[in-house]
Amino acid sequence: MIELSDIAMNGRVLRVQSNGQRRVAEEILARLPELKVIHPGRSMVSGIGGHFWEQAILPLKTMGRPLWSPSTSGPVFHPNHVVTIHDIAFVDGPQWFSPSFARLYDTIVGRLVKSARHIVSVSDFTRERLIAHYGAAPDRVTTVHSGRTLAFEPASATRIDEVLDGFGLSGKPFLIAFEGTDPRKNTAAIHEAWGKLSSANFDGALVLFGRAANPKVFSAVAGTAGGAGIVRVGAVADETLACLFSAARGFVFPSLYEGFGLPVIEAAACGCRILSSNVTSLPEVSPPDSLFVDPSSVSEIVAGMRHLLETDDTPEARSARMAFARHFDWNRTAQSYAEIFKKVFT
């Protein structure tokens, strides 16, 4: 019988800048601490060095152990390997990435689908894409949804007041949105929609949070503009973001492509209304009362923003969103991984 302590974990993602894939790995590792993490040296985390470590050094370091790679890549010749694949955006939207990144990851994932003993996808959407594009055997791909980080819950009125005061938002109705240089996040459309809305003399704010993406991975996007009522808070702590979600009129997330969409679950867990895209995984992970828009339609985004600003929420709807988010539970996620490991590696 295989024990979790017998299983090695590819720790490369744990040494990159914090992102959604790193969060998934960290949350599962926190609940399955028996896994033996194999880290690369600091000089072999990204780029050519990172891939060399993963393909040549990691298989030697695991010394025949079963291996879990949590971040869409891993050694393609490892004989006893489970891989988590978050999305194949580099296939579905290669224009969003540097050409070399898109080609490399298409090659790696294509080989992993054939060589790994089992694939974990983070959504049914990604699972279906792996089957359709790479011909993955359906019985060798299992969907395990990500979870809700516990920091995301309705904040107290006192704490909300402190955060709003700090950002100059007290007494202002506001929407909140993710701003980043990853072109999939559709930042330009958010700016354009807000510009149209704010030109109608709306007295409120658009709060933008987030950090720049890796320029070596993603293609360049147009610079972000300013505008009336825009408040940039940057890469805030989870507890601060939970306060902003708790107080916002709605979360605007018209992403062009998501393998899962963690921010949607995090906002819903705080009771926040959601404006979400009607494409990729987002309908799968968005509360039923979300406003779904075509992310390529600025007019639909404007209409959705206007609806959030001009209509009132209800306690019953907030409670329903929080209940929906509770289904995405990291303990359940980790238990599903433990069951897959024991089944596959036995």
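Helices here are DSSP runs of H or I with at least four residues, strands are runs of E with at least two, and both are numbered from the N terminus.

This is a predicted model, in which local features need pLDDT of at least 70, side-chain atom pairs count only at pLDDT 80 or more, and totals for chains, interfaces and linings use all residues. Residues are numbered from 1 along each chain as its sequence is written, and side-chain values use heavy atoms, with hydrogens and water left out.

Next, within α5 (residues 124–134), select F125, T126, L130 and Y134, the buried residues (under 20% relative accessible area). They sit on the same side of α5 because they cover an arc of only 135° around the axis, taken from the directions from the helix axis to the C-beta atoms.

Now show what these buried residues pack against: β4 (81–85), α3 (89–92), α4 (99–115), β5 (118–121), β6 (141–143) and α10. Contact means heavy atoms within 4.5 Å.

Step just past α5 to G135, where phi is positive, at about 70°.

Most residues other than glycine have a negative phi. Two exceptions follow. Go to the loop between β7 (174–178) and α7 (187–198) and select N186; its phi is near 65°. N186 counts as buried because its relative accessibility is 11%.

Finally, select T280, in the loop between β11 (274–277) and α10 (282–285). Phi of T280 is near 50°, again positive in a residue other than glycine.

Definitions and conventions
Buried < 20%, exposed > 50% of the residue type's maximum accessible area, 1.4 Å probe, protein only.
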